[in-house]
Protein chains: 4
Amino acid sequence: MSSNYGHKVKISIFGQSHSDAIGVVIDGLPAGEEIDLEKAQRFLDRRAPGKNAYSTPRKEGDQVQVVSGLFQGRTCGAPICAMIENTNTKSKDYDQLKDLPRPGHADFTAEMKYQGFQDHRGGGHFSGRLTAPLCFAGAVCLQILERRGIAIGAHILSIHEGKDESFNPVDITKDELVQINEKAFPTIDDGVAEKMQEIIQKAREQGDSVGGVIESAAIGLPVGIGEPMFDGLESKLSSILFAIPAVKGVEFGEGFGAAELLGSENNDSFYYIDETGEIKTKTNHHGGSLGGISSGMPLVVRTAFKPTPSISKEQSTISLKEGKDASLKVVGRHDPCIVPRAVPCVEAAMAIALLDLYEENRK
Amino acid sequence: MSSNYGHKVKISIFGQSHSDAIGVVIDGLPAGEEIDLEKAQRFLDRRAPGKNAYSTPRKEGDQVQVVSGLFQGRTCGAPICAMIENTNTKSKDYDQLKDLPRPGHADFTAEMKYQGFQDHRGGGHFSGRLTAPLCFAGAVCLQILERRGIAIGAHILSIHEGKDESFNPVDITKDELVQINEKAFPTIDDGVAEKMQEIIQKAREQGDSVGGVIESAAIGLPVGIGEPMFDGLESKLSSILFAIPAVKGVEFGEGFGAAELLGSENNDSFYYIDETGEIKTKTNHHGGSLGGISSGMPLVVRTAFKPTPSISKEQSTISLKEGKDASLKVVGRHDPCIVPRAVPCVEAAMAIALLDLYEENRK
Amino acid sequence: MSSNYGHKVKISIFGQSHSDAIGVVIDGLPAGEEIDLEKAQRFLDRRAPGKNAYSTPRKEGDQVQVVSGLFQGRTCGAPICAMIENTNTKSKDYDQLKDLPRPGHADFTAEMKYQGFQDHRGGGHFSGRLTAPLCFAGAVCLQILERRGIAIGAHILSIHEGKDESFNPVDITKDELVQINEKAFPTIDDGVAEKMQEIIQKAREQGDSVGGVIESAAIGLPVGIGEPMFDGLESKLSSILFAIPAVKGVEFGEGFGAAELLGSENNDSFYYIDETGEIKTKTNHHGGSLGGISSGMPLVVRTAFKPTPSISKEQSTISLKEGKDASLKVVGRHDPCIVPRAVPCVEAAMAIALLDLYEENRK
Amino acid sequence: MSSNYGHKVKISIFGQSHSDAIGVVIDGLPAGEEIDLEKAQRFLDRRAPGKNAYSTPRKEGDQVQVVSGLFQGRTCGAPICAMIENTNTKSKDYDQLKDLPRPGHADFTAEMKYQGFQDHRGGGHFSGRLTAPLCFAGAVCLQILERRGIAIGAHILSIHEGKDESFNPVDITKDELVQINEKAFPTIDDGVAEKMQEIIQKAREQGDSVGGVIESAAIGLPVGIGEPMFDGLESKLSSILFAIPAVKGVEFGEGFGAAELLGSENNDSFYYIDETGEIKTKTNHHGGSLGGISSGMPLVVRTAFKPTPSISKEQSTISLKEGKDASLKVVGRHDPCIVPRAVPCVEAAMAIALLDLYEENRK
């Protein structure tokens, strides 16, 4: 059941890095929702590689074809199936990987799990390429959420030692999120963007790679989204975020930092906004979720990505065929840092999880 | 569907802080497994309050009664239902909370979600008390895992500013885990335990509270446990860990730290152990999971807990009845730090998730 | 995952015939619903044995105790857990069954499936006794459905050769359903009831048993309940009805009879009711479901029960211990016909399935 | 969640009658299974229309393209996605149906459920055309089951008044099932086939349609397949069988007939086969399932299909636009009897359900 996510809005992702196509089935969307496919394609293009110096030169082109589920431009109650052809695959690049599992990749674990039958080409079902259909599904969910007043955005909080400033968690505006999503290299502080790109460029030159942290936020969620216990906001969001390859940590609100605060520092006091009668908290250490349920404050999440495991430097590994230690130089196309391309993936994952919970909560 | 977890081994938790009883139904356990109920009770006792100076004086006495699913001391294919009576409830303590939501608690979000019908007494369904049945379910799963050579243990990595040393992720032994689980205040460095207890004691005296981080590990997992994408180890573990109240962050292996490493530093080289022919990695930055699937290396998880939101200090909040700002002093029994009691909860959550994935993977 | 049913409203049934208790957890009910526990108990009492000459003399007394999920008499968002103690168990009666599987029972299949570890006493988890918590869950769901204008009722359509008349599927009224539910032996034609009881009595005297068919109906369902394909009304209803022990057939509307009609006979023409503008069909061969979705016409279901497999007559079977053929006389308490007691079970199953789909459909 | 079926082996069907394509994602198949796509295509061709006088002249040509999940001809652990293009769609034929719902179809219920946004062309997501991907998924599952010694077959038990003889439920052989599956018009008694085709031809000439019953069987199932209660064989099979359009009744073994037998007639005595030590039953009224779990005897299922609702005769219906009664002549291509084409659909549904339960049961 590994490739399925969601209760009410349910996605099922298929494909391998080098199969004929990859794609996603999205079931349970409300009927009658207009879906702007060009806008969804633009969202997907944000994760496309080959756009600039700091990402892999493979040009995927990722043109989505929706083969079902829309009628006269709107959801019609039937599942959407979206396909992306795998056109630019160079399977030969990966032949050695059947024998020499790449450190930091799923080559070894998949080989063992599937007893040698996995599609090892380009990481198969474990490839970051599978985030393309995730992004498309997220783009669809996002359009529906936006119509309900919910906006999602994300920026690169850090790349290796380069740090951006954080969102002000108490007061994130829709404009701010829209603006940051339009940036080619989304940081709050533009000066930092340049430094981060230098870090990535330097890693590339050294045949190495770097990781980073993405900070994302959702605003406009009504109070009451999220179910208790195992379907709380944090549970649902973390389970989809950790499905993005290379994610090693997820935190909400103050996150790990909360472990070093006093209760009197970390608690967020409620108050009434005089004009509107709305209830807010003065601070937002809780990050928009109390008991797994949305509080009406901005939902703030940070997601840590490890450095791309594919590096050109020579590495130690094993030869499965020969049953002895070996060395490996990973050839082929790869990103020295996948964090910039992961920004829309994080937003997409959030959109899918939040629409599922939103629909689950319908009264 | 909020109170259900698991595909193959499925738990369903019920109860509120002040209902007649709380408990859990565990379905899908393999038949014929001997369950030592006294041992399970001892595991559960590790989370009991009232044991010492640094926890709430409420004595819960949590005696588990298994009402179904065992026959002649073994699992029989039918679901186990385990009940814990709520004997020591003082509902009056909580009456003001219907009006004045406590900062940092789910009082407000639950009130909104359930339109005023939630059982507000003691936090209702959102109470930390619901981790008692979680612990019992975990204790059952743990006994089955142990029979398959898998051991789980955890220690307090930090309380506020007090820091323990970390597990050596490359080489965690079963003895080490057993030993640490037997400590009343589980830290690797015993000197740190004392300091941490002082920190907690000081917080109590000041009417305040502190949080911390728990580091846990599972060893003995065969290679290949975990499903791709949404049912990977990290997804399944994080979704159950975030269901424990007060958890705000979860990371695996190097976690957030990986975002600051180079690929050449973070990648873990494979090698053969000459004597056994087993495949291991020299380092364990990946924390036992590659592509969401167990690598055979120790699985290492860190879980961040916020400081207990219940503090005696006066706080600002709102009066829902009067529709205006108000102030609140939380009375009643509460822990200045729930981290020590959360240690078995983390282990239990891991045991449930890992047994579910283990059974899912049966060949 | 066998003992769980439902997506949105989810039940988890536990217990064996001779465990300390049996019960059910009901998750996902809307909050704020008043539940009349005495009324639910009365519903449950309709399936109780020992009420008259034609059922087993075992007096179960099935007193339900709700231990969680209600607050001030209403659902509070937390799962309801209801327990029924197993007080009147005579385990000795069943000792021989560990060796000699009863024809028509699950003794043999359970023995094989669970490798000898199943709780064989009284049929264990496969006992008809487990329909008591099903009935309670149904009684709860029914109260919620009634508040939405939906009524469910059932009658005994046949016992062996004794046949009642059928519902008029075009026009079933709430009064009719209420009336039939109040009968101790629910048939439309009261004269038939007497004949059926004679058939049962005769079977008892001969140490034999008889089966029958229950016809049930739901009215007041709005148009649009049921999801396409695998979650259609027929799929969801049949999967829960077949979970009632002894059910061997389920049909909707014209059912098997439709296979012998022409399309022009079986199709139901739509028309407008002049006064209200409502859309109805002139006939109701479709039985209230088109494409798995409610049409607004009465939902009509027939469920076939085999004769009780427990009979006093000597039967051929095998001795598992001795590995050879053997003969068996089933002793202990048993019904010569379970159909009368199964009537509330069928209604309960329908109520659970329909509330689940109703909540799933919320707009 | 309507278009998803299965726990362990999970299918997700997508497409509408006139969308660009229809298809299915199959997740959870064991890795390393060889899939003969030509054989699967031949299976699918058995449901194709336009083959002879008694079915619709629309030639669908249903060529399946597998776009993912296979590597070197074998399952590789990733989900299979199979697509079938909708090439021969004449959308104009259906334009009037947006206004005039066809009696016996889902036009009306879908219109109401999706508030007018459904894809009404050709029945949209409710079209019998969606059984093509179901058949393909079944063909894949069947190949895996066959490798485990399990065979599935089906024949037309009745068309309107034409009746075939039944399987001998005690002794169905693999050869018998293979043979019947190879017949263009599968009946046990070949003389009956001719009569049935005359009945269909006559219905066509009269602008009418007929229904029928399909009897199917699975042999070679080991004892112990099926989970208790809601995931028993009958529950799982009926829920997928009722997802096939036009199915109105499902029964197992003696089915509705069991309601007229005495317990002493209906119970099946166990005995040992002397030579092999296997345990069998002398008769097979139970139809291969006791307590929802396979007994090792042939699994026998009968599925009732209503007559095709699309008939050329003029019918009464309503005009939704004009809000008044109207009359309708259904034009376009349609079968006077879908039963012959439904035979592989029933087999496919059984294969999917049985593989799911088989995998669920892995020890």
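Buried means under 20% relative accessible area, exposed over 50% and partly exposed in between, with a 1.4 Å probe and protein chains only. This is a predicted model, in which local features need pLDDT of at least 70 and side-chain atom pairs count only at pLDDT 80 or more, while totals for chains, interfaces and linings use all residues. Residues are numbered from 1 along each chain as its sequence is written, chains are lettered from A in the order in which they are written, and side-chain values use heavy atoms, without hydrogens and water.

**View 1. Tilted pair of A:Tyr5 and B:Phe230.** Over all chains there are 14 aromatic pairs (rings of Phe, Tyr and Trp, the last by its six-membered ring, with centres within 6.5 Å; planes under 30 degrees apart are stacked, over 60 edge-to-face, the rest tilted). In this one, A:Tyr5 and B:Phe230 are 5.5 Å apart centre to centre, with 50 degrees between the planes. The pair joins two chains, because A:Tyr5 lies in strand E1 (residues 4-5) of chain A and B:Phe230 in the loop between strand E10 (212-219) and helix H6 (233-241) of chain B. Helices (H or I, at least four residues) and strands (E, at least two) are DSSP runs, numbered from the N terminus. B:Phe230 is buried at 4% relative accessibility, and A:Tyr5 is buried at 5%.

**View 2. Edge-to-face pair of A:Phe242 and B:Phe252.** The centres are 5.1 Å apart and the planes stand at 90 degrees. A:Phe242 is buried at 6% relative accessibility, and B:Phe252 is buried at 1%.

**View 3. Charged end of C:Lys236 over the ring of C:Tyr5.** The distance to the ring centre is 4.8 Å (a charge sits over a ring if NZ of Lys or CZ of Arg is within 6 Å of the ring centre and within 35 degrees of the ring normal).
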